[in-house]
Amino acid sequence: MSAVTTHHDAHGHEVPYEVQLRSNRLGLWLFCFSEVFLFLALLVARFYLWGNTRPELSQVLGLLTTSILLVSSFFMNRAETAIAHGDRKTFLNGLLITALLGTLFFVGVVVMEWNVFGLELELFGVEWFGHLRPTDGVFGGVFFAMTGMHALHVLSGIVFILIVWANGRKGHFSPERHWGVEACAIYWHYVDVVWVFFYPALYLIGHVA
Amino acid sequence: MKALWYFLTSSFTRGLIGQAIFTAIGMTFVNAIRSVMGLEANAEPGVVFGALLGVFGFLLGAGVLTDWIKWIFGKETPLRHGPPQGKPEWTRYLNVDYNHKVIGIQYGYTSLLVLLVGGLFALIFRIELAQPGMTLLTNDQYNTLFSAHGIVMITAMLLGVGAMVNYLVPLMIGAADMAFPRLNAFSYWVGIPAVVLILAGMVVGGWDTGWVGYAPLTFRAPLGVQLFLLGFYVNGFSSIAGSINLIVTVATMRAKGMTLFRMPIFVWAAIAAAIIQMTATQTVGVALLMNVTERAIGLSFFNPANGGDPLLYQHLFWFYSHPVVYLFILPGLGVISELLPVFSRKPLFGYKWIALSSLGIALVGFLVWAHHMFVAGLDNSLRIPFMISTLFVAVPTGVKFFSWVGTIWEGKISLETPMLFVLGAISVFLIGGVTGPILGTIPTDMHLHDTYWVVGHFHATMFGGFIFPFFAAIYYWYPKITGRMYKESLGKLHFWLMVPGFWVMSLGQMATGIMGMRRRIADYDPALGVQNIHVLITLAAFVIGWSVLIMVYNLVSSARSQELADPNPWRSRSPEWQIPSPVPEFNYDVPFEVVGDPYDYGLSGVAYIRMAPASGD
Ligand SMILES: [Cu+2]
């Protein structure tokens, strides 16, 4: 049986770049829309289980990591604008700074807030390493689930940025064709915006139980 | 001998080997770290990590990720076209291929295989239920079998939707392929390790939670429940990637002149189903992951002992798992609407209403989930609204029934096998439809909840809404896919065994339910007086099983026949029937233009499409 008649004439069946670009953009936005439901489900769990309370967390640390992530979006935008104008140096530097700030955020969450290495440091009257454990009831469960899922997205975003950076250094991407950069930027901004909703839900809303 | 070699070197085999190796690596890695950190012995984190890494290993071994990995290193990878060089045609179906028709057929045969496995599970526990007392199975085996039957059949239906959507939609809208061919291959292949995980869960202790996996019952189940939850979760990747791909394809790659209300009606159904898949799958993913992590590493969400709430799991779970039945029945009902005009030689009655009712069902379907929780301790202020929204589902569904009746009305009906299955589907879906509101109404649901009434209702909706239309679609498009005709006599035999068999089974299930038979219990009190009906149900189940085997035989043996099928045996107006069968590699050698309405059967001088002359380039 031959369910697909074969012939090798691919000519004339290649999708034009503009059409593929339109598909890519729509596909990425639909992916973002799909992920809204992932993050919404986590927010639902937070309000269902915590209600009007929240665990005790370091406000300074939360504000600091949040600020770092927001600033990183600025550099991501700078990098994207730069490649659109053919400025490769600013483009590459912007990516590196974004990746660096993203890594700082990641360290802030995983090493300091989660305190995976069990450290302790008090400086300027602030405790720099968190005390909440994943097994601390629903506070621990929801906090680690939300920050963990978000940190996973940040981590994949950093990897994405570094891949774009490495290819950009090799001379890939042009002002006319840089879908990879655009996708990376949209993804990074998206992960940022998610945190804008997670941060108040975790650190600000409700009273400390 | 050569064939064996091709099989052993296929993506399928390489994937399985990759899965085994990476599972072992993942387990060893986690256990080594835990012992270095001096944590107490707990196999579960290693199993969970190993299972997830194993899925990655499968994809890596199968070669699904190869092109993307090359992209990471900045290499261009032109799409591979055509069959593998120097290998027979059939090897294409065991290897990673980017052609949407190949992927559609891969989905199709995998769906049928998984359907047979799930059906076999059912036959085994039906023997147990044929008489009171424990005769064949232990309680644990029974629990594992009915739980696996549920999730395996749901996987089979997901694959079946993938088969129809992948094969048909690009053809129907005049595209050469899906928008993202590599992602399309990923969507299919990631489903295989998911099935492997679920089946492996049956071996390592099984589980007794049903396919719903309610917490905190999952925390007491054997280890198998973890693999079940993870297999379920991994299936979600397939759903989400596939649905995004489909929506983008329809949005950007339609033929010239194909406005939204000139699309074949099946495309509307596929879009409505994809919207459900793209969104709701995420929430069940979160619920399943929470379940896995609460069990494996002690995060607290659902266990009341640690401040959790089991109702949260049910909310997140049913927010997906109610709509998911619409994700099955929408393409099924789409097939019914697609085929009725062809076999009645009349226009589809109320095209726009049918198209919009698909979206209507999808949207209303998001607002009804808590009707599964009427007796779970749901607040009264929530029960009434959910009852009302549930009953509201009958409106868009009723629109479809009226349209079908209107289409058949005074038509020139011909009763070939696909049409028989469509009519059988309508009859069965009607049974499922009218038994639904009784469950959606709180007082009657309190009586019938967790009885065999629910089992009967659910099977009627799934068979009427998906299985029968799926079989109709298989027979209908079989000559398109293979270029050969199936044997009509065997098709009719399949139908006349399966439809009466199903009526007996479904109505019997409902009858025992009213008499007090509880679902998910291996044994029952002879004093209930349900044993005779149980024997009937078991016999009917075997009739259904045999009839499906007849279909499989028909499909396989007819593919080998030398006689070629008529290029358009059903005199369809749809574009895919205007080109040779099997369809050429790139579908349409010359693009077509839509110049009329799709379902003007029986009217003269109205064309749907016009094959455009080749543009000179
Ligand atoms: Cu429901």
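I take a nonpolar core to be a set of buried Ala, Val, Leu, Ile, Met, Phe, Trp, Tyr and Cys residues joined through C-beta atoms within 7 Å, where buried means that 20 or more other C-beta atoms, placed from the backbone, lie within 10 Å of the residue's own. I note that this is a predicted model, in which local features need pLDDT of at least 70 and side-chain atom pairs count only at pLDDT 80 or more, whereas totals for chains, interfaces and linings use all residues. Residues are numbered from 1 along each chain as its sequence is written, and chains are lettered from A in the order in which they are written.

**Entry: the core.** I looked up the largest nonpolar core and found 238 residues in it, with B:Trp189, B:Ala270, B:Leu330, B:Leu339, B:Val422 and B:Ala472 having the most contacts inside it. Domain 1 (9-71 + 90-96) and domain 2 (97-611) of chain B both give residues to this core, so it lies between them; the bounds come from an automatic or database domain assignment.

Entry: Taking contact as C-beta atoms, placed from the backbone, within 7 Å, and leaving aside neighbours within four places in sequence, I find B:Leu339 in contact with B:Pro418, B:Met419, B:Val422, B:Ala472 and B:Tyr476. Of the 22 residues of H13(B), 21 are buried, and B:Arg345, which follows the helix, has a positive phi near 50°.

**Entry: the two domains.** The C-alpha centres of domain 1 and domain 2 of chain B lie 30 Å apart. Their contact takes 20 residues from domain 1 and 22 residues from domain 2, and H3(B) gives the most to the domain 1 side, with eleven residues.

**Entry: the side facing chain A.** I find 47 residues of chain B in contact with 38 residues of chain A. H11(B) gives the most to the chain B side, with eight residues.

**Entry: the chain as a whole.** Buried residues make up 55% of the 617 residues in chain B. Among its contacts between residues at least 6 apart in sequence, 81% join residues at least 24 apart. The C-alpha atoms of chain B fill a box of roughly 75 × 60 × 50 Å, taken along the principal axes.

Methods
A residue is buried if 20 or more other C-beta atoms lie within 10 Å of its own, exposed if 12 or fewer, and partly exposed in between; C-beta atoms are placed from the backbone. Two residues are in contact if their C-beta atoms, placed from the backbone, lie within 7 Å. Helices (H or I, at least four residues) and strands (E, at least two) are DSSP runs, numbered from the N terminus.
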